[in-house]
Structures are given as C-alpha cells and as structure tokens.
Amino acid sequence: MKMQQPKINVSLVNKILADVFNDEDDILEQADINNSNLVDQRLDRLLIYGSRITNCNFTNSDLGRVDFTDAIFENCDFSNVKMEQGSLHRVIFKNCRMTGTYLKQIRLAHTSFLEVKANFVNFIDSKMEKLLFESCQLEHGAFYESTLKQIMFSKTNMNHVTIHQTPLKGCDLSASQFETMIVNKEDLNGCKVSKEQAVQFATLMGLVVVDS
C-alpha cells in the first residue's frame with residue numbers, strides 16, 4: 001500500500017500549544033512544538049498544518065472539530081481526548097498514547113499509527129482510507145458504523161476489538177494478533193486474514209473446526 005507522507009518544511013517556528021488561543025482562526029501552522037501541554041481544555045476547533053509536535057500532552061481535552069494536515073506527533077499523550085468532526089490527512093502518530101481517545105465523524109487518510117497505545121480507542125461514524133496501524137495496542141478498541149478502505153493492521157494487538165456495521169473489505173488483518181474479536185460475519189467479507197485467524201473467526205462464529 002502506497003501512502004503519502006507528511007509534507008513539512010525543514011525550517012519551523014518554535015511555538016507552544018497555548019499559542020492556539022492567540023490565533024483568531026485556531027491555527028498552529030509550520031510549528032515546532034516540544035514539551036507543551038493542552039490538558040483539560042475545551043476547544044471549538046483545532047487546526048494544525050505542516051507541523052511537528054513532540055512530547056506534548058493533550059489528555060482529557062475536547063478538541064472539537066480538528067483539521068490536522070501534514071503533521072507528525074511523537075511521544076504525545078491523547079488519552080481520553082475527544083475529536084468530533086474534521087479530518088486527519090498525511091499525519092503520523094509515533095509512540096503516542098491514545099487510551100480511550102474518541103474520534104467521531106472524522107475523515108482519515110494517509111495516516112500512520114506507529115507503536116501507539118490505543119486501548120479502548122473509539123472510531124465512530126468515520127471514513128478511513130489508507131491507514132497503517134503498526135506495532136499498536138488496540139485492545140478493547142471499537143470501530144462503529146465506519147467506512148474502512150485499504151487499512152493495514154501489522155503486528156498490532158486487536159484483542160477484544162469490536163467492529164460493528166463496519167465492512168472490512170480490502171483491509172488486512174493477517175499480521176495482527178487477537179484471541180477474541182466481536183465482529184459480524186458480513187463485515188468480514190473481502191478481508192485478508194491468515195489461516196490461523198480464519199480458524200479463530202470460524203470458532204468465534206460457532207463452527208466446530210476439525211482436522212480432516
């Protein structure tokens with residue numbers, strides 16, 4: 001799967017997350033932000049373009065409508081953060097924490113989640129295309145009434161994940177790990193799985209698999 005990478009200038013301006021309150025358009029653009037906090041805040045919207053954000057804390061904040069384009073978040077904490085409406089395009093989350101993060105009606109494209117701890121994450125009524133989850137923890141996460149196209153889960157823990165009214169056609173689960181998953185058989189049509197996973201899904205759906 002070919003994915004577009006974030007386009008970020010070599011020369012960025014040092015800023016802090018609180019600078020967004022000083023911008024009438026709620027924009028952080030071409031910014032290099034390090035060791036900054038935006039905790040327990042409620043925003044109408046947050047727009048981040050062409051920026052690199054490192055070692056930052058967003059926990060327990062409602063970010064409102066988000067528009068993140070050409071951004072890299074590394075070692076950031078989004079635990080219990082709420083994002084409702086907006087888009088993530090050409091974004092990388094690396095070694096971030098997204099425990100209990102809530103994303104509703106978000107359009108995600110060309111976005112990578114690398115070594116992200118996202119247990120109990122919720123994707124709701126969202127459109128997702130060309131996403132990579134690599135070496136992530138998604139245990140007890142959920143995908144509700146969403147559209148997924150060309151999504152790859154590589155070396156990712158998907159144990160106890162719930163997938164509801166979210167077709168997985170064209171998605172690749174073959175390199176993920178799980179013991180149990182809540183998913184309707186209709187949503188599995190056209191999904192790529194390993195032989196071992198095929199047996200797991202058959203067992204979860206009540207089939208008795210025997211050696212011939």
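Reader: Which residues does Phe68 touch, not counting residues up to four places away in sequence?

Author: This is a predicted model, and in it Phe68 touches Leu46, Ile48, Leu63, Phe73, Met83, Ser87, Leu88, His89 and Val91, once residues up to four places away in sequence are left out.

Reader: And in the largest nonpolar core, which residues touch the most other members?

Author: That core has 55 residues, and those that touch the most other members are Phe58, Phe68, Phe73, Phe93, Phe113 and Phe133. As general background, nonpolar side chains in soluble globular proteins tend to be buried together.

Reader: Let me turn to the rings, then: how many aromatic pairs does a search of the whole structure find?

Author: The search finds 14 aromatic pairs. One of them joins Phe73 and Phe93, whose ring centres are 5.1 Å apart and whose planes are at 10 degrees, so this pair is stacked.

Reader: Where do Phe73 and Phe93 lie?

Author: Phe73 belongs to strand β5, residues 65-74, while Phe93 belongs to strand β6, residues 82-94, so the pair ties together parts that are 20 residues apart in sequence.

Reader: Are those two, Phe73 and Phe93, buried or exposed?

Author: Phe73 is buried, and Phe93 is buried as well. Another stacked aromatic pair is formed by Phe113 and Phe133, with 4.7 Å from centre to centre and 5 degrees between the planes.

Reader: Which strands does the pair of Phe113 and Phe133 link?

Author: Phe113 sits in strand β7, residues 102-114, and Phe133 in strand β9, residues 127-134, so that distant parts of the chain, 20 residues apart, are linked by the pair. Phe113 and Phe133 are both buried.

Reader: Which residues form the aromatic cluster?

Author: One cluster is formed by Phe58, Phe68, Phe73, Phe78, Phe93, Phe113, Phe123, Phe133, Phe143 and Phe153.

Reader: Changing topic to the backbone, what is phi of Asn60?

Author: Phi of Asn60 is near 60 degrees, which is a positive value in a residue other than glycine. For context, most residues other than glycine have a negative phi.

Reader: Where does Asn60 lie, and what is its relative accessible area?

Author: Asn60 is in the loop between β4 (45-54) and β5. Its relative accessible area is 41%, so Asn60 is partly exposed.

Reader: What about His140, then: what is its phi, and where is its place?

Author: His140 has a phi near 65 degrees, again a positive value in a residue other than glycine, and its place is in the loop between β9 and β10 (142-144). His140 counts as partly exposed, at 36% relative accessibility.

Note on methods: Residues are numbered from 1 along each chain as its sequence is written. This is a predicted model: local features need pLDDT of at least 70, side-chain atom pairs count only at pLDDT 80 or more; totals for chains, interfaces and linings use all residues. Side-chain values use heavy atoms; hydrogens and water are left out. Rings of Phe, Tyr and Trp (its six-membered ring) pair if their centres lie within 6.5 Å; planes under 30 degrees apart count as stacked, over 60 as edge-to-face and the rest as tilted. Helices (H or I, at least four residues) and strands (E, at least two) are DSSP runs, numbered from the N terminus. Buried means under 20% relative accessible area, exposed over 50%, partly exposed in between (1.4 Å probe, protein chains only). A nonpolar core is a set of buried Ala, Val, Leu, Ile, Met, Phe, Trp, Tyr and Cys residues joined through side-chain atoms within 4.5 Å. Contact means heavy atoms within 4.5 Å.
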